[in-house]
Amino acid sequence: MFTVNDIGKNYKKKMVLNHISLQVAPGECIGLLGINGSGKSTLLGILSGGLRQDHGTYSFDEPDNTVSFLPQENPLIPELSGLDNLKLWYSGRSAELNSTYSLSILKKLGVDAFLHQKVSTMSGGMKKRLSLAICMLERPDLLLLDEPLAALDLLCKKGILDYLKEYTGNGGSIIVATHEEDALSICNRIYILKDGLLQEANGADYAAMLRA
Ligand SMILES: Nc1ncnc2c1ncn2[C@@H]1O[C@H](COP(=O)(O)OP(=O)(O)OP(=O)(O)O)[C@@H](O)[C@H]1O
């Protein structure tokens, strides 16, 4: 179980997150909806350890559980090939990179087909799949995804969603910030982030809740 307790964040005097609490069980996918600027990326950034909260805590029940974060902007180096990006990420850990587990992830996400291509010549979908593969190779217990389906074609979306369903089916947990209805289809619970507060959507009209 991953527990978020009373997280708060201000940027100077602007309050972005206010008393955010949440629990994610193994195998659960939580959807995070909110208008642009509502604080979704800020919350994921804090939970990934990249940003510091003003107050509150987050933790796993099991202390050795791990988190991987797929940010909105791809974190790849454009001048390098896919393989060189992976090698850079996993420098000093080549045995891990060459393990059967890693090779199976690359195959499942279809990344093996373009590993030798330079990132700058890859499509948005290819870069997204490569970035997701880099996250998955860490064998995370919790995956934080910021807009994983943005600007992807239907086939690529389906491939990624199928992969994420398999991941939660095997006990992985996800928190996904998204504007895409497709991504909501794999969520067990959906929350709206508005005015710094998190409210469970409970099958409501999301658009109306975002407007209200
Ligand atoms: N480093 C920063 N300094 C000051 N304000 C910031 C900073 N980062 C984000 N903000 C502000 O915090 C608010 C929340 O931003 P955030 O990126 O978390 O929203 P979001 O819900 O992810 O938006 P989007 O849907 O557009 O990605 C916005 O008003 C933004 O301008």
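**Why these labels? A predicted model, point by point**

Biologist: Why is Cys29 called buried?

Modeller: Cys29 has 24 other C-beta atoms within 10 Å. The label buried needs 20 or more. Therefore Cys29 counts as buried. Keep in mind that this is a predicted model.

Biologist: Where does Cys29 sit, and which residues does Cys29 touch, leaving out those up to four places away in sequence?

Modeller: Cys29 belongs to strand β3, residues 29-33. Its contacts are Thr168, Ile174, Val176, Ile186, Cys187 and Asn188, with residues up to four places away in sequence not counted. Ala183 lies 154 residues from Cys29 along the chain, and 10.0 Å separate their C-alpha atoms.

Biologist: What makes Asp64 exposed?

Modeller: Asp64 has 6 other C-beta atoms within 10 Å. Exposed means 12 or fewer. So Asp64 is exposed. Asp64 is located in the loop between β4 and β5 (67-70). The C-alpha atoms of Asp64 and Asp141 are 9.5 Å apart, although 77 residues separate the two along the chain.

Biologist: Why is Asp6 called partly exposed?

Modeller: The count for Asp6 is 13 other C-beta atoms within 10 Å.

Biologist: What is phi of Asp6, and in which strand is Asp6 placed?

Modeller: Phi of Asp6 is near 60 degrees, a positive value in a residue other than glycine. Asp6 is in strand β1.

Biologist: And Glu147: how do you know that Glu147 is buried?

Modeller: Glu147 has 21 other C-beta atoms within 10 Å. The cut-off is 20 or more, so Glu147 is buried. Phi is also positive in Glu147, near 55 degrees, and Glu147 is not a glycine. Glu147 lies in the loop between β6 (142-146) and α6.

Biologist: How do you know that β1 and β2 pair?

Modeller: Strand β1 (residues 2-11) and strand β2 (residues 14-24) share seven bridges, in the antiparallel sense. Pairing needs at least two bridges. Therefore the two strands pair. Ile7 has Ile20 of β2 as its bridge partner.

Biologist: How many residues stand between β1 and β2 in their hairpin?

Modeller: Two residues lie between the strands of this hairpin. Lys12, in the turn, has a positive phi of about 50 degrees.

Biologist: How do you know that β1 pairs with β4?

Modeller: Five bridges join β1 to β4 (residues 55-60), and the strands run antiparallel. At least two bridges are required, so β1 and β4 pair. Phe2 stands opposite Phe60 in β4.

Biologist: What puts the buried residues of α2 on the same side?

Modeller: In α2 (residues 82-89), the buried residues are Gly82, Asn85 and Leu86. They cover an arc of only 100 degrees around the axis, so they are on the same side of α2. Residues three or four places apart on an α-helix point the same way, because each turn takes 3.6 residues. The buried residues of α2 pack against α3 (94-97) and α5 (124-136).

Biologist: What makes α1 mostly covered?

Modeller: Seven of the eight residues of α1 are buried. They are Lys40, Thr42, Leu43, Leu44, Gly45, Ile46 and Leu47. Gly49 follows α1 and has a positive phi, near 90 degrees.

Biologist: What are the bounds of the domains, and what separates their centres?

Modeller: The domain assignment gives domain 1 as 1-66 + 140-212 and domain 2 as 77-139. Their centres, taken over C-alpha atoms, are 24 Å apart. Eleven residues of domain 1 are in contact with eleven residues of domain 2. On the side of domain 1 that touches domain 2, helix α6 (residues 154-169) gives the most, with four residues. That side has eight nonpolar, two polar and one charged residues.

Note on methods: Residues are numbered from 1 along each chain as its sequence is written. This is a predicted model: local features need pLDDT of at least 70, side-chain atom pairs count only at pLDDT 80 or more; totals for chains, interfaces and linings use all residues. The arc is that of the directions from the helix axis to the C-beta atoms. Two residues are in contact if their C-beta atoms, placed from the backbone, lie within 7 Å. Domain bounds come from an automatic or database domain assignment. Ala, Val, Leu, Ile, Met, Phe, Trp, Tyr, Cys and Pro count as nonpolar, Asp, Glu, Lys and Arg as charged, and the others, Gly among them, as polar.
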